[in-house]
Amino acid sequence: MKAIMVMFDSLNRHLLPPYGADWTHAPNFARLAERAVTFDNAYAGSLPCMPARRELHTGRHNFLHRSWGPLEPFDDSMPELLKQAGVHTHLASDHPHYWEDGGATYHGRYSTWEFFRGQEGDPWKGQVADPPMPRDLKEVRRPGYRQDWVNRRHLPTEEVHPQTLTFDAGVEFVRTNAAADRWFVQIETFDPHEPFFSHKRYKDLYPHDYAGAHFDWPDYKRVAETGAETEHARFEYAALLSMCDRSLGRVLDLMDELALWDDTLLIVNTDHGLLLGEHGWWGKGVLPWFNELVHLPLFVWDPRVGAAGERRSSLVQTIDLAPTLLEYFDVPRPPDMRGHPLRDTLTDDTPVRQAGLFGSFGGHVNVTDGRYVYMRACVDDTNAPLNEYTLMPTHMKARFSPAELSDIRLVEPFAFTKGVRLISVPGHSMINTAAFGSLLFDLADDPEQSTPIVDDEAELRMAGLLARLLRDSDAPADQFARLGLPAEGPVGPEHLLVRAQRERGEETLRALPPVEEFPDGRFSVRTPVAELTADPAAAEILRRHIPGVTDTENLQFMATISVIGLAALPVARVSVDQLRALATELAELNATRA
């Protein structure tokens, strides 16, 4: 028995032809759907990147106890369990988070592994002088932004693109071992994650008139760009998606050539999606987890079942992939795994769950039954209590600081920590869900989640499912307290939040007006804050309408951020009325100087 996983990052389900997209060029995904089972109700679990990969290893959710972090000493690891059972496991990847502090324990679980450098600001090539950088609409420029432009100079052709090298390595492993038995290869590319860096032949698939600034790396915020700029970024994503499609085609060609369909399991999956202007937002993680982000593409071919060109409607999740691979190789599933093998679902759509849990640490805790999506916010504005439970105190790119560890506590084991106690420290979230409130959507009537509903009966049922899943996951007591749900006993009407919090979401989720509606000129809402503050008259207008923005400690972050870009950031509290009043006065200032 052999198995291949082709894993992408930020692959948008709704932009693939098998899921209804009619404008993207992805013939190999269409070809894949003819050779495999297409899942219509696959959902993420723990988010974003590394929490999802921890689920891929452990078959259980982790976002209730831990933010982004490594595998823990008590974690079961699917590739390691396979390795211990005599299955050779190999990882070929260009995903840069694997070699950061928050991902450094994953690759060692495989028998062998190889990495390829250069994606998204990966600290790869050392260059002291600043590289050439174009005029760019990306306004939030952390150190990785500069590094990304250093890296791009070393990736001039498709042949040396990290994605290409990753698939080269995956194809090489399969060719080398095609005649052998009992192996699993995970071919995992960071694409089509931002920045949407591809090459000309893929961009040429999406001809469009655009003469604006460079734009292939949107900030995580509300859309503050023009319609043409937004369309251009979507085409840049599509070009990278088409490059991914070609790489997928290489694997399908290899399976045809070597007759691997006879004895090789194939899984094609992703961790999450990415907002490209839907709901008036870019990115992920700074707003509720809409379906564009968590309703995932998933394709599986199992040679024992033989189902191809068929679809399945049962609700499945990322946590099901580890049990599926273990079952395929006849390796026992550890009792701490909460996912389910999908063989029966592949055979006849046998359900494996009534409802699925998903979310990110400290964010909304969400549940779906396939029809309703319930996004549970914190019960009050503090978003507390919120604690990390870990034995591996690292963040994405840093260790926990001494200050973070100053309030450390040793706590009793959870059901899945194999009798091991953990340290607990106060946690922090990218999002305070109080700003958005609790949200309920009926996908039958509103598949695009454009209008949250108030339905006490539906909320009561979904909140009951959520509480049950929290208990099944052995969620810490502070999560129940943060969410205002009972750790024991029934959920009642007194626990409902949607009706009381609905106005928050309506205001916070409201998209910004199109930037074209604001006056243009020497000074406008598109002018960088730092440039406005350099002019005394413009600075006074800015200070009057957005108090505090010109404070010295804030200016260091404003070198490239425009006024409307600032208003688009989720942490900002700049209203549309403030923007309009500011824009009017700036236009008047322009007129006086004309």
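Student: What stands opposite V367 in β17?
Tutor: Y374 does. This is a predicted model, by the way.

Student: How do β16 and β17 run, and how many bridges join them?
Tutor: They run antiparallel. 4 bridges join β16, residues 365-368, to β17, residues 372-376.

Student: What's the strand order of that sheet?
Tutor: β4-β15-β16-β17-β21. The sheet is open, has 5 strands and shows mixed pairing.

Student: Which strands are at the edges?
Tutor: β4 (46-47) and β21 (439-442). Each pairs on one side only.

Student: Which helix packs on the sheet, and what does that helix touch?
Tutor: Helix α11, residues 456-472. α11 touches β15 (356-360), β16, β17 and β21. The direction of α11 makes about 65° with that of β17.

Student: New topic. Which strands does β1 pair with, and in what sense?
Tutor: β1 pairs with β8, residues 264-270, in the parallel sense over 7 bridges. β1 also pairs with β7, residues 183-188, again parallel, over 6 bridges.

Student: Which residue stands opposite F8 in β8?
Tutor: T270. On the β7 side, M5 stands opposite Q186.

Student: Why is β1 called largely enclosed?
Tutor: Because 7 of the 7 residues of β1, residues 2-8, are buried. Both faces are covered. K2, I4, V6 and F8 are buried on one side, and A3, M5 and M7 on the other.

Student: How many residues of α4 are buried?
Tutor: 7 of the 10 in α4, residues 143-152, so the helix is largely enclosed by the rest of the structure. The buried ones are Y145, Q147, D148, W149, V150, N151 and R152.

Student: What about β18, are its faces covered or open?
Tutor: Both faces are covered. N387 and Y389 are buried on one side of β18 (387-390), E388 and T390 on the other.

Student: What's the pairing between β18 and β20?
Tutor: Antiparallel, over 4 bridges, with β20 spanning residues 422-426. The bridge partner of T390 in β20 is I423.

Student: Where is K418, and what is its phi?
Tutor: K418 lies in the loop between β19 (409-411) and β20. Phi is near 60°, a positive value in a residue other than glycine. K418 is partly exposed, with a relative accessible area of 45%.

Student: And H279, what phi does that residue have?
Tutor: Near 65°, also positive, and H279 is not a glycine. H279 is found in the loop between β9 (275-276) and β10 (282-283). Its relative accessible area is 23%, which means partly exposed.

Student: Switching to helices. How do α5 and α7 cross?
Tutor: At roughly 10°, with the axes coming within 11 Å. That makes α5 roughly parallel to α7. α5 covers residues 162-177 and α7 covers 227-257.

Student: Which residues of α5 meet α7?
Tutor: Q163, T164, F167, D168, V171, V174 and R175. Their partners in α7 include L240, M243, C244, S247 and L248. By class, the contact has 9 nonpolar, 3 polar and 4 charged residues.

Student: Last one. What's the order in the sheet of 3 strands?
Tutor: β11-β3-β14, an open sheet with mixed pairing. β11 (295-296) and β14 (316-317) are the edge strands. β3, residues 42-43, pairs with β11 in the antiparallel sense over 2 bridges. The bridge partner of A42 in β11 is L296.

Notes:
Residues are numbered from 1 along each chain as its sequence is written. This is a predicted model: local features need pLDDT of at least 70, side-chain atom pairs count only at pLDDT 80 or more; totals for chains, interfaces and linings use all residues. Side-chain values use heavy atoms; hydrogens and water are left out. Two strands pair if DSSP finds at least two bridges between them. Contact means heavy atoms within 4.5 Å. Axes are lines fitted to C-alpha atoms, for helices over the stretch in contact, and angles run from 0 to 180 degrees between N-to-C directions. Angles under 35 degrees count as roughly parallel, over 145 as roughly antiparallel, 65 to 115 as roughly perpendicular and the rest as oblique. Ala, Val, Leu, Ile, Met, Phe, Trp, Tyr, Cys and Pro count as nonpolar, Asp, Glu, Lys and Arg as charged, and the others, Gly among them, as polar. Buried means under 20% relative accessible area, exposed over 50%, partly exposed in between (1.4 Å probe, protein chains only).
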